[in-house]
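Student: I have a new model open and want to learn how to read it. Can we go through the strands together?

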Amino acid sequence: MTVSATSSVSTASTTTSSSSTSSSSSLTSSDFLSLLVSELQNQDPLNATSTTDFINQLTSYANFNQQQSINSNLSSLSSSFSSLVTLNSVNYIGHTVEAKTDTSTLSNGSATFGYSLSSSASNVSISVKDSSGNTVWTGTGAGSAGSNTFTWDGKDSSGNQLSDGGKYTISVTATDSAGNSVLNYTTVTGTVTGIDTSTSTPSLTVNGVSVSAADIIGVTS
């Protein structure tokens, strides 16, 4: 396939093609078809486009047009899915849930955490840190395989009751008799009081902490 180098239309087509290649988002199906027509109008009569090449170009046009349609449909589907996720997340409001996270707000003098173990642990150490990263409490926990619950009474290691409203993070170290870690993940349990839909994945407010809807693993009430 050869296009006359002396044709001004061909030059314009080449320029348009280069520009479109550098920015695929600006190339529409109409642009693609216009380039194809310009090529036919300005081809060298002594070296015309072969039937095979022309069919290949028509196929490319059909594929391009179909791809644009697929992209449009996927965008619409993504928007619908996002709306569905948001709607489902609203249903959590007012319910007590368990979510994969390690931070909770001290309320009514206590905070409930949880942790999952892949197998029984011979040693489980738990520490609680405040929002500044300072360790305020350390102790031990149950080592049963599966889900375990730990309720912190809101007192520091010296026995002083800390004020409600502060955000605290739990850290769990669980090992078996061979010293291998058997910790899967940590959780918090609390009531969902709000939802944030400003991002693609809605976030739920659980015990005053933002938790991704994808991290909810159970509803207890």
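Tutor: Start with a definition. Strands are DSSP runs of E, at least two residues long, and helices are runs of H or I, at least four residues long; both are numbered from the N terminus. S203, for instance, is found in strand β9.

Student: What kind of model is this, and how are residues numbered?

Tutor: It is a predicted model, where local features need pLDDT of at least 70, side-chain atom pairs count only at pLDDT 80 or more, and totals for chains, interfaces and linings use all residues. Residues are numbered from 1 along each chain as its sequence is written, and side-chain values use heavy atoms, with hydrogens and water left out.

Student: How do strands pair, and which strands form an open sheet here?

Tutor: The general idea comes first. Strands of a sheet pair through backbone hydrogen bonds, either parallel or antiparallel. Two strands count as paired if DSSP finds at least two bridges between them. In this structure, four strands form an open sheet in the order β2-β7-β4-β5, with antiparallel pairing.

Student: Which strands stand at the edges?

Tutor: β2 (103-105) and β5 (135-140) do. Each has a single partner strand, so one side of each is left without a neighbour in the sheet.

Student: By what angle are neighbouring strands turned?

Tutor: Axes are lines fitted to C-alpha atoms (for helices over the stretch in contact), and angles run from 0 to 180 degrees between N-to-C directions. In this sheet, neighbouring strands are turned by 25° against each other on average, direction ignored.

Student: How many bridges link β4 and β7?

Tutor: Seven bridges, in the antiparallel sense, pair β4 (residues 123-129) with β7 (residues 167-175). Look at S127: it stands opposite S171 in β7.

Student: Is β3 mostly covered or mostly open?

Tutor: First, the cut-offs. Buried means under 20% relative accessible area, exposed means over 50%, and partly exposed lies in between (1.4 Å probe, protein chains only). β3 (residues 111-117) is mostly covered, with six of its seven residues buried.

Student: Which strands does β3 pair with?

Tutor: One partner is β6 (residues 146-152), antiparallel, joined by seven bridges. There, L117 stands opposite G146. Another is β8 (residues 183-196), also antiparallel, joined by five bridges. In β8, T187 is the bridge partner of G114.

Student: Back to S203. Is S203 buried or exposed, and what does S203 touch?

Tutor: S203 counts as buried because its relative accessibility is 16%. Contact means heavy atoms within 4.5 Å. Leaving out residues up to four places away in sequence, S203 touches G194, I195, D196, S210, V211 and S212.

Student: Which strands pair with β9?

Tutor: β8 and β9 pair antiparallel over four bridges. I195 stands opposite L204 in that pairing. Four bridges also join β9 to β10, again antiparallel. Here V206 stands opposite V209. β9 and β10 form a hairpin with two residues between them.

Student: What should I look for in phi?

Tutor: Most residues other than glycine have a negative phi, and most peptide bonds are trans. N207, in the loop between β9 (203-206) and β10 (209-212), has a positive phi near 55°. N108 lies in the loop between β2 and β3, and its phi is also near 55°.
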